[in-house]
Amino acid sequence: LSDVTSHINLARDLKIEASTDPLTGLLNRRSFFETANRMMARASSNGEALSLIMIDVDHFKNVNDGYGHQIGDFVLKDVSRLISKQIREGDVVARYGGEEFIVLLPLVAEDAATAAANRMCAAVRQHDFKVDDRLIHLTISIGVAVIPKVTSSEAIDHLIYLADTALYEAKRKGRNRICCHTVE
């Protein structure tokens, strides 16, 4: 019995390790895509709305260069916690790569997606990241993409492309802001 329990626990631990980002504890990119594809297929079969938020920490290189990568890791963990606190149960958040995060919001149209993005921006902007005796103030830029009525389960790549395009638009417009694209 003990041997079987040990194998079950090991299998569970390996599954968690394979699906999460080791730094933030969020889903990793691979697990995000697996989940997103399932959610997209469900939204497609039901004609539901789906929104996607792409987040990038503004000028994050300055944190790593000015304070070191260990502090940068601390900041990324804190940012992931702040983002996670702004979403609903059933929403999916993942570390997309580096200092980028991605959030999938099922059954959410443009107004609610933009409201969630605004909460995320405010949470990071208003947070004091404490490093020893210093405070670091950060902002994030966000791109939002919305499909009011999903008709194809293959639309996740297009949704990510639109959110990424909106994110770079937010950065070009001065950072610390949100831009949104809605699929017609």
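This tour moves from one selection to the next through a predicted model, saying at each stop what is there.

Because the model is predicted, local features are described only at pLDDT of at least 70 and side-chain atom pairs only at pLDDT 80 or more, while totals for chains, interfaces and linings use all residues. Residues are numbered from 1 along each chain as its sequence is written, and side-chain values use heavy atoms, with hydrogens and water left out.

**Strand β6**

Select residues 140–147, which form β6; helices (H or I, at least four residues) and strands (E, at least two) are DSSP runs, numbered from the N terminus. Of the 8 residues in β6, 8 are buried, where buried means under 20% relative accessible area, exposed over 50% and partly exposed in between, with a 1.4 Å probe and protein chains only. In a regular strand the side chains alternate between the two faces of the sheet. On one side of β6 are Ile-140, Ile-142, Val-144 and Val-146, on the other Ser-141, Gly-143, Ala-145 and Ile-147, and both faces are covered.

**Helix α5**

Next select residues 110–125, the 16 residues of α5, which reach 22 Å from the first C-alpha to the last, close to the 22 Å expected; that expected span is 1.5 Å times one less than the number of residues. Its buried residues are Ala-113, Ala-116, Ala-117, Met-120, Cys-121, Ala-122, Ala-123 and Val-124. Among the elements that cover these buried residues are β1, β6 and β7 from the previous stops, together with α4 (69–84) and β3 (100–106).

**Asp-91**

Move to the loop between α4 and β2 (92–97), where Asp-91 lies. Asp-91 counts as buried because its relative accessibility is 10%. A polar contact of 2.6 Å joins its side chain to that of Arg-88, a polar contact being a pair of N or O atoms within 3.5 Å of which, within protein, one must be able to donate a hydrogen and the other to accept it, with residues adjacent in sequence counted only if both atoms are side-chain atoms. Leaving aside residues up to four places away in sequence, Asp-91 touches Leu-104, Leu-105 and Pro-106, contact meaning heavy atoms within 4.5 Å.

**Asp-164**

Finally, select Asp-164 in helix α6 (residues 156–172), which counts as partly exposed because its relative accessibility is 27%.
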